[in-house]
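Thank you for making the time this morning.

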Amino acid sequence: MASRGELIYPEDDRVFLKPYLPVPDRSQDSNVPFVTLTFATSLDSALSLAPGVQTALSGPQSKTMTHYLRCKHDAIMIGVGTAIADDPSLNCRVQGVGGYGGEGLTGQPQPVVVDPHGRWQLTSKTKILNLAREGRGKAPWILTSQTPSVENVKLLEQVGGCYIVLNTPTSTSEKPTMAWLDMLRAVKDRGVESIMIEGGGVIINSLLAADNADLIDSVIVTIAPTWLGQGGVVVSPPRTEGSSLPVARLRQTKWQQLGEDVVLCGVLKA
Ligand SMILES: NC(=O)c1ccc[n+]([C@@H]2O[C@H](COP(=O)([O-])OP(=O)(O)OC[C@H]3O[C@@H](n4cnc5c(N)ncnc54)[C@H](O)[C@@H]3O)[C@@H](O)[C@H]2O)c1
Ligand SMILES: Nc1nc(=O)c(N)c(NC[C@H](O)[C@H](O)[C@H](O)COP(=O)(O)O)[nH]1
């Protein structure tokens, strides 16, 4: 019996997800990891009420599914917008899969934050650093394209995290500047065989865009029965200029009701 606050993911539900999970050794010949794109969305395709606002969409069952997914991947990636908005933990909190609360770090995903322009100011109160200090999650890697601040490096390295500086051309504007292939190769070079990419909007929309969608192996979306309304952070990837075709379509789809939500799984590759 689980005590209060513990998450449990039933065996039957695990079977449903299996075809979409990373296959051991599958990507050994590849120079990028197995990529699962996963997020929770409203009926109007919103991830949150507004940029910078953390918005609970998943109910308890689908939230547990997300945590189970975390333990099935070597790494978990978010954008700096999400890091700043959510002050996330990025650990797996499902009972019995290892890693949380005294079982060491086995089974915990490596958090990776995409922060090309060094927007994320770490402090002694940053949740993920404290969790790493307490052995309840791994210390993050931060992918950046510019030299990080001395203060941030110190706080990060104290708990075992690091910056990974990618030598891609930078711009002075706050526009994404790092190529997906370079980011995924960088983590693969450090031993990551599988990664789940959780968001937010800029991350998801740029990954789903035509040039990058081939990098995605699986898509697992939680759809919550709610409309967040206009002004939210929306999943709606850009269409190739001049094209009147849809950006992407899922194949091999399966749907599962989890509590009041539905979980949609599929693949993008033919
Ligand atoms: N519902 C969900 O599943 C879910 C998941 C994640 C985040 N969220 C929410 O989404 C919101 C944040 O979304 P957002 O769009 O503002 O931020 P984001 O997390 O997508 O981060 C955006 C930033 O990440 C960097 N970035 C993204 N793609 C990049 C690329 N290809 N190359 C280089 N840098 C890149 C850039 O600095 C960009 O400004 C928050 O409100 C958060 O709570 C919801
Ligand atoms: N599955 C899911 N359902 C949601 O309703 C929601 N808001 C998110 N958001 C995704 C986001 O990437 C992380 O859930 C947060 O950044 C917080 O992560 P923690 O729980 O603190 O580890 N994800």
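Let me begin with ligand 1, where the shell draws at least two residues from each of β1 (34–41), β2 (46–48), β3 (75–79), α3, β7 and α7 (201–208). Please keep in mind throughout that this is a predicted model. Of these contributors, α3 supplies the largest share of the shell around ligand 1, namely five residues. In total, 32 residues surround ligand 1, and the closest are G79, G81, G199, G200 and G201. If we sort the residues of that shell by class, we find 17 nonpolar, 12 polar and three charged.

Turning now to ligand 2, we count 16 residues around this ligand, the closest being A40, L57, S58, D86 and P88. The elements that give two or more residues to this shell are α2 (60–71), α3 (80–86) and β7 (194–199). By class, the shell around ligand 2 is made up of six nonpolar, seven polar and three charged residues.

That brings me to α2 itself, a helix of 12 residues that reaches 17 Å from its first C-alpha to its last, which is close to the 16 Å expected at 1.5 Å a residue. Is α2 mostly covered or mostly exposed? The helix is mostly covered, in that 10 of its 12 residues are buried. Among the buried residues of α2 are the charged side chains K63 and R70, together with Q61, S62, T64 and T66, and also M65, Y68, L69 and C71.

Notes. Residues numbered from 1 in each chain as written. Chains lettered and ligands numbered in written order. Predicted model: local features only at pLDDT ≥ 70, side-chain atom pairs only at ≥ 80, totals over all residues. Near = placed C-beta within 6 Å. Helix = DSSP H or I, 4+ residues; strand = E, 2+ residues; numbered from the N terminus. Expected span 1.5 Å × (residues − 1). Buried ≥ 20, exposed ≤ 12 C-beta atoms within 10 Å, placed from the backbone.
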